[in-house]
Amino acid sequence: MGLSVLFFALAVILGGVAWLAMRRPQVLAEIGATLKEAELKRFSPRKSLFIFGPTINHPPCRLQRRLLKPAVAALIREDIVVMEVYGDGVPRKNGEEVDWLDPSLLRHAMNADNGFWVVYVDEAGKTLLRSAAPMLASDILDAIGLEAPIQLPPPGKKKSAVLKRLRAA
């Protein structure tokens, strides 16, 4: 008797869901979008490397991006997020825009209201690294306790003849 009541209740619930899907097919899409949006808006500054600057083309910002390239593999391996915040523009998390995050509030929260800053926040939420000047990738990795990647010359590249002459002189 109890098993038949369970099956009957299950049939009523599934029938109700099917009826709702027929009446308003967009309801399920709206529910899915709401859940996805809630997942996207979960933001924590933990395990994040922040680069703050007045503009994207500001010389220290360009230099920091160039200096950080060798460390990208190590940052990805350790699940460290790179957040770039330039002026009042949309912040970028690992290169993707985060349009719901307010750049001025983020700057204020990280005490980087003016100028250029590199800030790293560890898993515990404490600032381990804070610099007002661009830093080498190896220095950043050392400061946050990661191993610096080994720099190998690209395959097939020959040494410059000019550098050979300079070394010989």
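Buried means under 20% relative accessible area, exposed means over 50%, and partly exposed lies in between. These words are used in the legends below, which describe a predicted model.

Figure 1. Read from the N terminus, the elements follow the order α-α-β-α-α-β-β-β-α-β-β-α-α. The chain has 169 residues, and 25% of them count as buried. Its accessible area is about 12000 Å², of which 61% is supplied by carbon and sulfur atoms. Contacts can also be sorted by how far they reach along the sequence. Among those between residues at least 6 apart, 56% join residues at least 24 apart.

**Figure 2. Ser44 sits in the loop between helix H2 (26-40) and strand S1 (48-53).** Is Ser44 buried, partly exposed or exposed? Its relative accessible area is 36%, so Ser44 is partly exposed, since that value falls between the limits of 20% and 50%. Gly125 is 81 residues away from Ser44 along the chain, yet the C-alpha atoms of the two are separated by 8.7 Å. The loop between H2 and S1 also holds Lys47. Lys47 is not a glycine, but its phi is positive, at about 55 degrees. Most residues other than glycine have a negative phi.

**Figure 3. Strand S2 (residues 81-86) is mostly covered.** How many of the six residues of S2 are buried? Six of the six are. In a regular strand the side chains alternate between the two faces of the sheet. On one side of S2 are Val81, Met83 and Val85, and on the other are Val82, Glu84 and Tyr86. The residues on both sides are all buried, so both faces of S2 are covered.

**Figure 4. S2 pairs with S1 and with strand S3 (residues 92-93).** S1 and S2 run parallel and are joined by six bridges. In this pairing, Phe52 has Val85 of S2 as its bridge partner. The pairing of S2 with S3 is antiparallel and has two bridges. Here Glu84 stands opposite Arg92 of S3. S2 and S3 form a hairpin, with five residues between the two strands. Gly87 lies in the turn of this hairpin and has a positive phi of about 55 degrees. Asn94 has a phi near 55 degrees, which is a positive value in a residue other than glycine.

**Figure 5. Phe50 and Phe52 make the one aromatic pair that is counted.** A pair of aromatic rings is described by the distance of the centres and the angle of the planes. How far apart are the ring centres of Phe50 and Phe52, and at what angle do their planes lie? The centres are 5.7 Å apart and the planes are at 10 degrees, so the pair is stacked. The cut-off behind this word is that planes under 30 degrees apart count as stacked. Phe50 has a relative accessibility of 0% and therefore counts as buried. Phe52 also has a relative accessibility of 0%, and so Phe52 counts as buried.

**Figure 6. Two salt bridges are found in the whole structure.** One of them links Glu78 and Arg77, whose closest N and O atoms are 3.8 Å apart. Arg77 has a relative accessible area of 52%, so this residue is exposed. Glu78 has a relative accessible area of 30% and is therefore partly exposed. Another salt bridge brings together the side chains of Arg92 and Glu97, with 3.4 Å from N to O. Arg92 is partly exposed because its relative accessible area is 29%. For Glu97 the relative accessible area is 56%, so Glu97 is exposed.

**Figure 7. Five residues form a nonpolar patch on the surface: Leu3, Leu6, Phe7, Leu10 and Leu14.** Together these residues have about 530 Å² of accessible area. One of them, Leu14, is placed in helix H1 (residues 2-23). Why does Leu14 count as exposed? Its relative accessibility is 52%, and exposed means over 50%.

Key. Residues are numbered from 1 along each chain as its sequence is written. This is a predicted model: local features need pLDDT of at least 70, side-chain atom pairs count only at pLDDT 80 or more; totals for chains, interfaces and linings use all residues. Side-chain values use heavy atoms; hydrogens and water are left out. Helices (H or I, at least four residues) and strands (E, at least two) are DSSP runs, numbered from the N terminus. Buried means under 20% relative accessible area, exposed over 50%, partly exposed in between (1.4 Å probe, protein chains only). Two strands pair if DSSP finds at least two bridges between them. Patches are made of residues with over 30% relative accessible area and no salt bridge: like charges are joined within 9 Å, nonpolar side chains (Val, Leu, Ile, Met, Phe, Trp, Tyr) within 5 Å. Accessible areas come from the Shrake-Rupley method with a 1.4 Å probe; for residues, only the protein chains shown count as cover. A salt bridge is a side-chain nitrogen of Lys or Arg within 4 Å of a carboxyl oxygen of Asp or Glu. Contact means heavy atoms within 4.5 Å. Rings of Phe, Tyr and Trp (its six-membered ring) pair if their centres lie within 6.5 Å; planes under 30 degrees apart count as stacked, over 60 as edge-to-face and the rest as tilted.
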